[in-house]
Amino acid sequence: MQNKGFVKVFAVLLTLVCVYYLSFSFVTRHFESKAIEFANGDLNAESHYLDSISTQKVWLGYTLKQCREKEIGLGLDLKGGMNVILEIDAAAVLKALANTDNPQFNKAINEAVAENRTGSNLDFITLFKNKYEGIDKNARLADIFSVTLKSRINQTDNNEKVISVLREELKSVADNSFNVLRTRIDRFGVVAPNIQKLDRAERILIELPGVKETDRVRKLLQGSANLEFWKTYNISTISNYLSDLNARSAQALSSKGKPTAVKDSTTADSTKAGATEDPSLLPFKKPFLQYFAQAGQQGPVLGIVNKNDTAAVDAILAKYKDAYPTDMLFKWGFKATDDKESFYQLYVLRGDGIKRGPALDGDVVVSAKADQGQQTKGGGWEVSMEMNASGSNRWANITGAEKGNSIAIVLDGHVYSAPNVNDKIEGGRSSITGNFTPEEAKDLENVLKSGKMKAGVRIVQDNVVGPSLGEEAIKAGLISLLVALFILMSYMCLVYGFIPGMISNGALLLNLFFTLGILASFHAVMTLPGICGLVLAMAMAVDANVLIYERTKEELRSGKNTKKALDDGYKHAFTAIFDSNLTSIITGFILYNFGTGPIRGFAITEIIGISASFFTAIFMTRLVYDYAFSKGKFQNLKFSSAPLRNFLMDTKINFLNLHRKAYALSGMLILIGVISLFAFGLNRGIDFTGGRNYIIRFDKPVDTQQLGDALRAQLEHEGSAVTVITIGTSNQVRVSTNYKIQDTGENVEAEIRSKMTTALSAYLKPGSTISDYIQSSQKVGPSMADDMKTAAVFAVAFAILCMGLYILLRFRDIAFSLGTIIAVAHDAAIVIFAYSLFHKFLPFSLEINQEFIAAILTVVGFSIHDKVVIFDRVRERRKEFPLRTISENINDSLNTTLTRTISVSLSTILVLLCIFILGGDSLRSFSFAMILGILFGTYSSVFIATPIAYEIMHKKDEARQKKIAEK
């Protein structure tokens, strides 16, 4: 092997990188174990413990918070994550649509906001309508909204018509916010997020698996991308105002008088001279300037304040706002100035123009990009911006006038930086600097690029979420994977002998190590779809070694010695391994770019796993053999065990003669499947149908697996799905079900609660019902929205077409491409049909959900891989034996690859059978789909793809022979 030195150096460096990144996972697991021990089952206490030590340096100079950001995370289904309910500012939307100061309108809005904040079950528009008509039942909403919505509302329209239009407008704003949030989350890097619209148009449910940095997520979700550029005051010019604020706050604290009675805040002002207050009731306990740990000397920074004192400073500024000019505005910096994240800067901004607002709004920014700056000290991270033409001109005028002063860059009410203007800036190119970390810079780029939401949002509820699969199910899954790995390793030793088998097994473990290490370096989150990608990578890692060993056995049978046979085995197997791996990696890139959620999770794991398997199978195992040969060892290896030495050797099966029977079998299965789709349909899960969510708090900790089993026994109705996850604390769960979700009858909710009471009676006090334990309930829309479904279908279809194109370019024959496309579509269809046919009869769930999509993707990946290997041998045989007929070459290729085909399929199915039997209900559906996919993928390679390719090549050959005869 050439370039051994490079391979060794690369392997050592890659190992060190993987050890480095995986070490963070071990460190965080250690502290998480301590937190679990401390919390004793209370998830809030566990989170509080970890937050309290998050800024302590615990490993290689990194804080615990930084270590948690670098670890390989587990998804919501395996580890938990963050559950957030967001509410769009519906009041702001209505105010913008009304554009009026009508007292009745404003009073109704304020009352609706107040009631909504108390937790009303009514949506905001209904609340507003009730409040508006409650003030004056004859008041007409058309008078308020017909001006701004004149194309849709006439002055003669009744209130119901106006409310209908307002609902549509709010839905449009909600759709905008939904899409912006989904774009931000996808760019944030969370794998397999769940985003759903709730039954109230202004509310959105978001689940983020594996997320640890909750503050970062809150900022990301609530930011409206409201970018502004403000002029600033220089501290040296406003000392008299600061002194006045300090004196008045000190005087209030030293006052001995009693509070003045104030009946109406609109007619009396307690801040006026002569009014006295009880100091103990004031929202601040020190004079203004004493809150500053460090005062500013010049520039726009007033000083640095402890985060615990920022509310008191804000209270003083609000109380004595008559002590400073109306164009003076105070804003906090977005980032702490110290490592412990305790101190923040306070900036003094200067309003511009009549409205005393920003000098320039951020809507002039047309693009943004995070990068390491060339001009910042130390090459720190910054976000460069480009403005449109009008913004460029205005920016040039502002920077020209403010030369020598600072311009504050404000996003969503926080100052990101306030650079000093050294010269006039023309061309509209500028940058935001602020001592950013790479993550903060990327987040800022993300927010600016994903767009501005038409309305602000606030977090109504956020919780730490427990694993949705349940602890017992996770343990069962891990045990099944370990058993599967052991069986797979034993299988390799049984088929190819102990030494070749163990070298292959070592490569498999190294592949797993490299894959997890690289995933950790990408801060990836491992979810069930990710495990699907790992299974596929393991199967292909085994396949690469099987190909090498099978080719080596062929060379040994031709009389070559072991070293020469192995060298030729690697050489001849390389093209098949390279083509099959490359096609799978290209598929992964397509799925990652066009897919969302679980598709991305599957794709990134597949890409990394297959790349690692190629490196370990081709290069690392070769190093071991070369080293052994140099020491005079392994000279008599046979690459087979005694019991299986002659297994499937020199077979002469005429596969092409069986293709018509195979076509008939496939046609019959497809016909049955189509009939089943019309007769039984598919058992669509909550991801596709939407459903109802119930937050239920029990008196004692509960097991989610047992709860789920009990509920499914009662809520089974035409394949209804039920999921149960821990949320907040170990005695609180969220139950989701799509039981009768399409039924709009008024009694469905009562029926569900009655069935839940029956199912969970063992967990309830005597005489109580489930309603006594339900904390909240919501009706949610499908997390797989129509555009996401379309994206998933498009991604898979586009991937298959691209594979067909690659095979056409690589093999220079359209016969191979068409055979692959038809056969892969056949395999995916058979699995879907099986889910339709059996979901009513089998004793485990066969629902169509995000995990099923990941399983289909795995089937497609394996199927393409299998066919490329066979077609590579056909291409080789046609070059070696050009005088043979096409059928002879194809049958010979199928026979010589038969051992490899059976070995890879059998080893993969053994892994999946272990998962199916031992992995519990949560993994049974996935493994069932995979087993079907592997069986039919192998079948279609031999009896569908290859015969189709043969018929096309045979017809082309006949046409060529006819032309020659005519000449």
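Leucine 808 counts as partly exposed because its relative accessibility is 30%; the label covers values between buried (under 20% relative accessible area) and exposed (over 50%), with a 1.4 Å probe and protein chains only. You will find leucine 808 in helix α23, where helices are DSSP runs of H or I with at least four residues, and strands are E runs of at least two, numbered from the N terminus.

This is a predicted model, in which local features need pLDDT of at least 70 and side-chain atom pairs count only at pLDDT 80 or more, while totals for chains, interfaces and linings use all residues. Residues are numbered from 1 along each chain as its sequence is written, and side-chain values use heavy atoms, leaving out hydrogens and water.

## Phenylalanine 498

Let's move to another helix. Phenylalanine 498 belongs to α15, which covers residues 498-521. Is phenylalanine 498 buried or exposed? It counts as exposed, because its relative accessibility is 60%.

## The whole chain

Stepping back, the protein chain contains 28 helices and 23 strands. Of its 967 residues, 54% are buried. Among contacts (heavy atoms within 4.5 Å) with a separation of 6 or more, 74% are between residues 24 or more positions apart.

What about the outside? The protein chain exposes about 43800 Å², and carbon and sulfur atoms supply 55% of that area; accessible areas come from the Shrake-Rupley method with a 1.4 Å probe, and for residues only the protein chains shown count as cover.
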